[in-house]
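Me: I'd like to learn how to read a model like this one, feature by feature. Could you walk me through it?

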Amino acid sequence: MNTMLRKSVLGIAGLAFAGGLAAGPLNHHDATPTTAMSPVAVQADKPGVDEAKLIPHGVQGAQSKITLNDEQTANAKAIIAATKKAGLPERAAVISIATSLQESKLENLGHLGDRNDHDSLGLFQQRPSSGWGTPEQITDP
């Protein structure tokens, strides 16, 4: 991947992640506290995983909970496998999963028809018309 494209992808991922942090939990009106339940929390308990690298600034504020279905879990595992194959640090998988959660709820979305005013596809809602790849490439987790 060329440097400019890589910087763009990382910049977009960072903005999406920061936007999710700034917005905070969507269920903040609920008075019942919830506990975080995510692949990160599960992975952090395993030997050899450095939680400080995964969440370098700690976790602040109320945490929301999301239950993943089988497709979402498989897509998260595919993202983790791709970051490992690319030789990226564990934090890259965390950011990638957060971006996909924001963009598609970890669902590999195809064309949404009338509900969509552009051609965004896949886990990261990338656009073939913007040069991200073919529809087949973009929708391959």
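Reply: Happy to. Let's begin with what an element is: helices are DSSP runs of H or I with at least four residues, numbered from the N terminus, and the loop between α5 and α6 is where Lys-105 lies. Please keep in mind that this is a predicted model.

Me: How many helices and strands does the chain have, and in what order do the elements run?

Reply: The count is 6 helices and 0 strands. Read from the N terminus, the order is α-α-α-α-α-α.

Me: What share of the residues counts as buried, and how is the surface made up?

Reply: Burial is judged by relative accessible area, with under 20% taken as buried. Here 19% of the 141 residues count as buried. The accessible surface is about 9,800 Å², and carbon and sulfur atoms contribute 58% of that.

Me: What about contacts between residues 24 or more positions apart?

Reply: Among the contacts in the chain with a separation of 6 or more, such pairs account for 52%.

Me: Now a helix pair. How do α4 and α5 cross?

Reply: For a pair of helices, look at the axis distance, the angle and the handedness. The axes of α4 (residues 70-85) and α5 (residues 90-104) come within 9 Å and cross at roughly 145°. The crossing of α4 past α5 is right-handed. On the α4 side, the contact is made by Ala-76, Ile-79, Ile-80 and Thr-83, while α5 brings Ala-92, Ala-93, Ser-96, Ile-97 and Ser-100. By residue class, this contact has 6 nonpolar and 3 polar members, with no charged ones.

Me: Is Lys-105 buried or exposed?

Reply: Lys-105 is exposed, because its relative accessible area is 57%, and the cut-off for exposed is over 50%.

Me: What does Ser-120 touch, apart from its neighbours within four places in sequence?

Reply: Ser-120 is in contact with Gly-110, Gln-125, Gln-126 and Arg-127. Ser-120 is located in the loop between α5 and α6 (135-138), and it is buried because its relative accessible area is 4%.

Me: And how far is Ser-130 from Ser-120, in sequence and in space?

Reply: Ser-130 and Ser-120 are 10 residues apart in sequence, and their C-alpha atoms are 9.4 Å apart in space. Ser-130 is found in the loop between α5 and α6. With a relative accessible area of 47%, Ser-130 is partly exposed.

How values were computed:
Residues numbered from 1 in each chain as written. Predicted model: local features only at pLDDT ≥ 70, side-chain atom pairs only at ≥ 80, totals over all residues. Heavy atoms only, no water. Helix = DSSP H or I, 4+ residues; strand = E, 2+ residues; numbered from the N terminus. Buried < 20%, exposed > 50% of the residue type's maximum accessible area, 1.4 Å probe, protein only. Contact = heavy atoms within 4.5 Å. Areas by Shrake-Rupley, 256 points an atom, 1.4 Å probe, with all protein chains shown as cover. Axes fitted to C-alpha atoms, helices over the stretch in contact; angles between N-to-C directions. Left-handed = near helix turned anticlockwise from the far one by under 90°. Nonpolar A, V, L, I, M, F, W, Y, C, P; charged D, E, K, R; others polar.
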